[in-house]
Amino acid sequence: MEADILALLPPSTEFVRLQGRRVTLRMKEPMPTPERGHMLLEFERRLRREVDAKLEVFLEPKGDVNTLRVKLRGVKL
């Protein structure tokens, strides 16, 4: 199934993982929210039509940069 997903992957995304029926992607470059949402919905529809009707597409969550800064405050490398 993973090979089928990779064959249909939009060029502006990277495959991260497949967990059960959850496909996680990463964006290669920033994209306006409406355009990104439309692209991801169309990709999910295509996957459901051509690979498995129960697949779901998610973006990889990003960590909060400010939280990381607070945790690393005072750390010397």
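1. Aromatic pairs: a search of the whole structure turns up zero of them. A pair here needs ring centres of Phe, Tyr or Trp (its six-membered ring) within 6.5 Å, with planes under 30 degrees apart called stacked, over 60 edge-to-face and the rest tilted.

2. Before you read on, this is a predicted model, where local features need pLDDT of at least 70, side-chain atom pairs count only at pLDDT 80 or more, and totals for chains, interfaces and linings use all residues. Numbering runs from 1 along each chain as its sequence is written, and side-chain values use heavy atoms, with hydrogens and water left out.

3. Phenylalanine 58 does have a charge on its face: arginine 22 lies over it, 3.7 Å from the ring centre. The test is NZ of Lys or CZ of Arg within 6 Å of the ring centre and within 35 degrees of the ring normal.

4. Now the strands (DSSP runs of E, at least two residues; helices are H or I, at least four; both numbered from the N terminus). E1 (residues 13-19) pairs with E2 in the antiparallel sense over six bridges; pairing takes at least two DSSP bridges. Arginine 17 stands opposite threonine 24 in E2. Two residues separate E1 and E2 in their hairpin, and glycine 20 in the turn has a positive phi of about 65 degrees.

5. On to E3 (residues 56-59), which pairs with E2 (residues 22-27) in the parallel sense over four bridges. Threonine 24 has phenylalanine 58 as its bridge partner in E3, and valine 23 has valine 57.

6. Last, methionine 1 sits in the segment before helix H1 (2-8). Its contacts (heavy atoms within 4.5 Å) include Leu18 and Val51, not counting residues up to four places away in sequence.
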